[in-house]
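Please look at the sequence and the model together, and work through the questions below one at a time.

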Amino acid sequence: MEVTTYSRFRKNPKRYLDQATYNYEPVTITRKNAPNAVVLSADVYTNLLENQFIQSNETNLKWILAGVQQIEKGQITQSTRQG
């Protein structure tokens with residue numbers, strides 16, 4: 001994650017926005033006498049929201065973790081679908 005000042009960000013916003021969107025690397029913008037901000041690509045932001053939603057539902061989370069355990073134990077089969 002890159003960290004830059006608000007002044008540097010303001011001088012070349014395209015550079016930092018391209019870094020966030022094309023490289024999927026968050027950019028932290030520091031400010032004097034104000035809280036810092038983070039620039040993320042829309043894809044990364046959407047993914048964070050989806051993960052938060054999935055993990056906030058205990059039933060979904062248990063189902064996913066059970067699937068991970070099955071994979072780790074080799075308890076998987078390959079299904080072939082036609083259609």
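Q: Which residues does Glu-2 touch, not counting residues up to four places away in sequence?
A: This is a predicted model, in which local features need pLDDT of at least 70 and side-chain atom pairs count only at pLDDT 80 or more, while totals for chains, interfaces and linings use all residues. Residues are numbered from 1 along each chain as its sequence is written, and side-chain values use heavy atoms, with hydrogens and water left out. Contact here means heavy atoms within 4.5 Å, and Glu-2 lies in strand S1, residues 2–5. Leaving out residues up to four places away in sequence, the residues that Glu-2 touches are Arg-15, Tyr-16, Gln-19, Glu-25, Pro-26, Val-27 and Thr-28.

Q: Is Tyr-16 buried or exposed?
A: Tyr-16, which is among the contacts of Glu-2, lies in helix H2. A residue is buried under 20% relative accessible area, exposed over 50% and partly exposed in between, judged with a 1.4 Å probe and protein chains only. Because its relative accessibility is 6%, Tyr-16 counts as buried.

Q: Which residues make up the largest nonpolar core?
A: A nonpolar core is a set of buried Ala, Val, Leu, Ile, Met, Phe, Trp, Tyr and Cys residues joined through side-chain atoms within 4.5 Å. The largest one has six residues in all, and they are Phe-9, Tyr-16, Ala-20, Val-27, Ile-29 and Val-39.

Q: Which elements give two or more residues to this core?
A: Helices (H or I, at least four residues) and strands (E, at least two) are DSSP runs, numbered from the N terminus. By that rule the protein has four helices and three strands. Those that give two or more residues to the core are helix H2 (13–22) and strand S2 (27–31).

Q: What pattern does the protein follow, read along the sequence?
A: Tyr-16 belongs to helix H2, and Glu-2 to strand S1, so these two residues sit in elements of both kinds, as such runs are defined by DSSP. Read along the sequence, the pattern is β-α-α-β-β-α-α.

Q: What is the radius of gyration of the protein?
A: The radius of gyration is taken over C-alpha atoms, and the globule rule is 2.2 Å times the number of residues to the power 0.38. For 83 residues that rule gives 12 Å, and the protein is well over this, so it is more spread out than a compact globule, with a radius of gyration of 20 Å.

Q: How far apart are the C-alpha atoms of Tyr-16 and Ile-71?
A: Along its principal axes the C-alpha trace spans about 55 × 30 × 25 Å. Tyr-16 and Ile-71 are 55 residues apart along the chain, and their C-alpha atoms are separated by 39 Å.
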